[in-house]
Amino acid sequence: MRTMTDTRQQIVDAALALVADRGIGATTVDEIAAAAGVAKGSVFYNFGSKSGLFEAIIAAGVTRLTAALQEAGAGRSGRAAVESMVGALLEQVQAHPDFAKLVVAESFRSGRAWQDSIRQVREESMGALAAVVQDAWPERDAWFTAAALFGATLVAGLEWLVFQPDRPVEDVRAAVLATLS
């Protein structure tokens, strides 16, 4: 018998997979429910609305991503912290490619009900990276440098997974870090 947590996770997994392929706007609650193997009412019962579902997906992803970045930077400073965090971000892209696609696709769309949840990516995940960038290069604009590094890592990671999956992760990491010179 499925528990509430199992049902919620099935819905989240189905929604994330569909959204990664189609986008949030093009994915219906009926499609999410069918892919999750649950009744449409289960989506609403567990999340309240389609927007509530995506806010939950984004919040969980941001929490996971921020924790990974903070752990990667812990005990390190300067460029070593940046290098470790780029590696951790690539690991997260590899482990959660659908979330990475969602972040890339939705970060700059405005007027969405879940816009505040997407803003968490900037404030929490990119904020962790901005802090170590500031330490590594105090003369640089920490937020723009972190945004460039974060975006480059996400896009390079997706390029790697989709088009060049046989390349070692270290090649991707080295290419991203080469942009900092």
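Visitor: How many salt bridges does the structure hold?
Guide: The model, which is a predicted one, holds 6 salt bridges.

Visitor: Which side chain does Lys40 meet in a salt bridge?
Guide: Lys40 pairs with Asp30, with 3.4 Å from N to O. This pair links distant parts of the chain: Lys40 belongs to helix α3 (residues 40–47) and Asp30 to helix α2 (residues 29–36), 10 residues apart.

Visitor: What does Asp171 form a salt bridge with?
Guide: With Arg167; the closest N and O atoms are 3.3 Å apart. Asp171 has a relative accessible area of 33%, which means partly exposed. Arg167 is partly exposed too, at 41%.

Visitor: And Glu170, what does its side chain meet?
Guide: The side chain of Arg173, in a salt bridge of 3.0 Å, N to O. Both residues lie in helix α9 (residues 169–178), and they are 3 residues apart, about one turn of the helix. The pair is part of a network: salt bridges with shared partners join Arg79, Glu83, Glu170 and Arg173.

Visitor: New topic. Where does UniProt put the transmembrane region?
Guide: The unreviewed UniProt entry has that annotation on residues 142–163. In the model this span is 100% helix and 0% strand.

Visitor: Which helix is at residues 142–163, and what should it span?
Guide: That is helix α8, with 22 residues. At 1.5 Å a residue it should span 32 Å, and its end C-alpha atoms are 31 Å apart, so the two values agree.

Visitor: What caps the N-terminal end of α8?
Guide: Asp141 does. One of its side-chain oxygens lies 3.1 Å from the backbone nitrogen of Trp143.

Visitor: Which residues of α8 are buried?
Guide: Among them are Ala142, Thr145, Leu149, Phe150, Leu154 and Trp160. Take Leu149: its relative accessibility is 2%, and buried means under 20%, so Leu149 counts as buried.

Visitor: How far is Leu149 from Ser51?
Guide: They are 98 residues apart in sequence, and their C-alpha atoms are 29 Å apart in space.

Visitor: Which residues line the largest cavity?
Guide: The lining includes Gly61, Arg64, Leu89, His96, Phe99, Val103, Phe150 and Leu154. The elements that give two or more residues to this lining are α4 (50–73), α5 (78–95), α6 (97–106) and α8.

Visitor: What was the accessibility of Phe150 and Leu154 again, buried or exposed?
Guide: Both are on the list of buried residues of α8, and both line the largest cavity.

Conventions
Residues are numbered from 1 along each chain as its sequence is written. This is a predicted model: local features need pLDDT of at least 70, side-chain atom pairs count only at pLDDT 80 or more; totals for chains, interfaces and linings use all residues. Side-chain values use heavy atoms; hydrogens and water are left out. Helices (H or I, at least four residues) and strands (E, at least two) are DSSP runs, numbered from the N terminus. The expected span of a helix is 1.5 Å times one less than its number of residues. Buried means under 20% relative accessible area, exposed over 50%, partly exposed in between (1.4 Å probe, protein chains only). A polar contact is a pair of N or O atoms within 3.5 Å; within protein, one must be able to donate a hydrogen and the other to accept it, and residues adjacent in sequence count only if both atoms are side-chain atoms. A salt bridge is a side-chain nitrogen of Lys or Arg within 4 Å of a carboxyl oxygen of Asp or Glu. UniProt positions are given in the numbering used here, feature names are shortened, and annotations may be inferred rather than shown by experiment. On a 1 Å grid over the protein atoms alone, a cavity is a set of points where a 1.4 Å probe fits but cannot get out, and a pocket is an open set with protein on both sides within 12 Å along at least five of seven lines; lining residues have an atom within 4 Å of a point.
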